[in-house]
Amino acid sequence: MPEPSLKIGGQVVIEKEDFGKLFDLLAGMGYRIVGPTVRNGAIVYDELTSVDELPVAWTDEQEKSTYRLKQQKEKAYFDYGPGPQSWKRYLHPPAARLWRAEREDGGFKTEVGSEEIPKYAFIGVRPCDLHAMSIQDKVLTGGKHEDTAYSLRRKKAFIVAVNCRKAGGTCFCASMGTGPRATIGFDLALTEVIDGERHYFVVEAGTDKGAEVLRGIPYREAGELEKKAARETVEKAAGEMGRELDTTGIKDMLYRNLEHPRWDKVSERCLTCGNCTMVCPTCFCTTVEDYTDLKGKHAERRRKWDSCFTTDFSYIHGGSVRSSAKSRYRQWLTHKLGSWIDQFGSSGCVGCGRCITFCPAGIDITEEVKAIRDETTAEVKVENSARPENTDDRPRL
C-alpha cells in the first residue's frame, strides 16, 4: 500500500498505541519535551519523558475565581481547558539574567545572557495559545529592538498543537477568532478522538518540519469518517464556550468611554494583585533589577515579569502616573482590547479566559466590556428616541 504523501494541510491518523513514539522520536532529535501534567492540584506545563505523564483521564472545571480538577471515565490525554500557566514561561521566562560581571585582576569580566537557549518541543499547545505566541512575536521580535533570546527560543521550538475537545467555562476564543481549531503557528496539530474502545489522533502537518517528524512514526491516511469525527469534536467544543465577547468596534467604543462610571465600580473589587497579567499569555511587561554581593566581586542584572497593576511599574519622576486601582484596571483592559490594536495591529486578548478563572475577586473581562457597551448603546437609543420624528417640521441637514 503506498505511503500517504503527507502534504502540508493533509490529514493522517496515529493510533493511541503509537502516540508515545512521537515523544521518543522528538527526544531522540534532541528536544526537551514540555507538555501538560498534573502537579499540586492543577494541570501545568513541565518537562515530560513519556505519555504516561500526560493528564490521562483528568479534566477541569473553571468559572470565575474557580479552578478544580476532576477525574473522568474517558481516558483522554487532552480533555481540559487553559490552566494557570501558558507557554510564555518557556519563551519569555519569568526571570532571566541579562548579564553578570566578576571582578578580575583589578577589572571586570562580563558575560551577557543567562544560559544556553534550550531546544523545546511543546506538546499540547491550544489554538488560543498559538495566537498568543503570534502576538508576542510581534511585541518581542518586531521593530528595531528584537529580544534575541526570545527569538532564538521561538526558532528552535517544535510545536505540536491540540485542537480543543472541551471548552472551559471561562473560554471565549470562538468570539475572538482564535479557536478552538488551530489555524496558524504549528508544526503538527492533533485532534484527539475517542470512539468507544478506539482512541486515535487525526494529525495535520503545518510545516515541512512537522511532516518530516511525522514520517518517523507509524501513520496512515485519514478516512472520511475519521476526518468527520475530528471536525465534529472541534465543532462541539466551539458550541460549549462558556463566554463570548462582542469585538465590534471595540477599540473606539472603549476610547469613547474612558470616564465611564463602570471603571469606578470595577475598581471597588479589583485587588490590583496582578494575577490577570501573570496568567495572561500575551502580557509581556518586565522590570530589571541589579544585584551585587557583599564583597563587591560579583554583580548581575536580572529581568523579571512585572505588571501594570503595580504602582512601581508606572513610577516616574517622584510618583506613579496611575495611582488609583481604577486607572490601572482601565489601562490594562483598554490596552489589551484597544490600544494594542494601534500598536501591533491585533487584539492583545486571545479569549483563553485565564484572567477570569484566576482573578481572586471574580472580575470578568467579558462582563466589564458588555456592561460598558450595553450602557453606551442604551444611552444612544435614549438620545435617538428624543429626536423629532421624520416630519416636514424636523430640521434638515
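Modeller: Let's go with the open sheet of eight strands, ordered β3-β2-β8-β9-β10-β11-β1-β12, in which the pairing is mixed. Helices (H or I, at least four residues) and strands (E, at least two) are DSSP runs numbered from the N terminus, and two strands count as paired if DSSP finds at least two bridges between them. The edges belong to β3 (42-47) and β12 (220-221): each has a single partner strand, so one side of each has no neighbour in the sheet.

Before going further, a word on ground rules. Residues are numbered from 1 along each chain as its sequence is written, and side-chain values use heavy atoms, with hydrogens and water left out. This is a predicted model, where local features need pLDDT of at least 70 and side-chain atom pairs count only at pLDDT 80 or more, while totals for chains, interfaces and linings use all residues.

Now for β11, at residues 198-205. Seven of its eight residues are buried, where buried means under 20% relative accessible area, exposed over 50% and partly exposed in between (1.4 Å probe, protein chains only). One of its partners is β1 (residues 11-15), which runs antiparallel to β11 and is joined to it by five bridges. Within that pairing, Gln11 has Glu204 as its bridge partner. Another partner is β10 (residues 188-195), also antiparallel, with eight bridges to β11. Here Thr191 stands opposite Val202. β10 and β11 form a hairpin with two residues between the strands, and Gly196 takes a positive phi near 65° there.

Val160 has Leu188 of β10 as its bridge partner. As background, strands of a sheet pair through backbone hydrogen bonds, either parallel or antiparallel.

What lies across this sheet? Helix α3 does, lying over β3, β8 (120-125) and β9 and running at about 135° to β8. For such angles, axes are lines fitted to C-alpha atoms, for helices over the stretch in contact, and angles run from 0 to 180 degrees between N-to-C directions.

α3 (residues 127-141) also packs against helix α4 (residues 148-156), at an angle of about 145° and with the axes 9 Å apart. The crossing of α3 and α4 is left-handed, meaning that the near helix is turned anticlockwise from the far one by less than a right angle (right-handed if clockwise). On the α3 side of the contact are Met133, Gln136, Asp137, Leu140 and Thr141, and they meet Tyr150, Ser151 and Arg154 of α4. Those residues divide into three nonpolar, three polar and two charged. In that count, Ala, Val, Leu, Ile, Met, Phe, Trp, Tyr, Cys and Pro are nonpolar, Asp, Glu, Lys and Arg are charged, and the others, Gly among them, are polar.

Contact here means heavy atoms within 4.5 Å. Leaving out residues up to four places away in sequence, Tyr150 touches Leu91, His92, Met133, Gln136, Asp137, Leu140 and Thr141. Its side chain makes a polar contact of 2.6 Å with the side chain of Asp137. The side chain of Tyr150 also reaches the backbone oxygen of Met133, at 3.5 Å. A polar contact is a pair of N or O atoms within 3.5 Å; within protein, one must be able to donate a hydrogen and the other to accept it, and residues adjacent in sequence count only if both atoms are side-chain atoms. For a sense of scale, Tyr150 and Val279 are 129 residues apart in sequence, and their C-alpha atoms are 18 Å apart in space.
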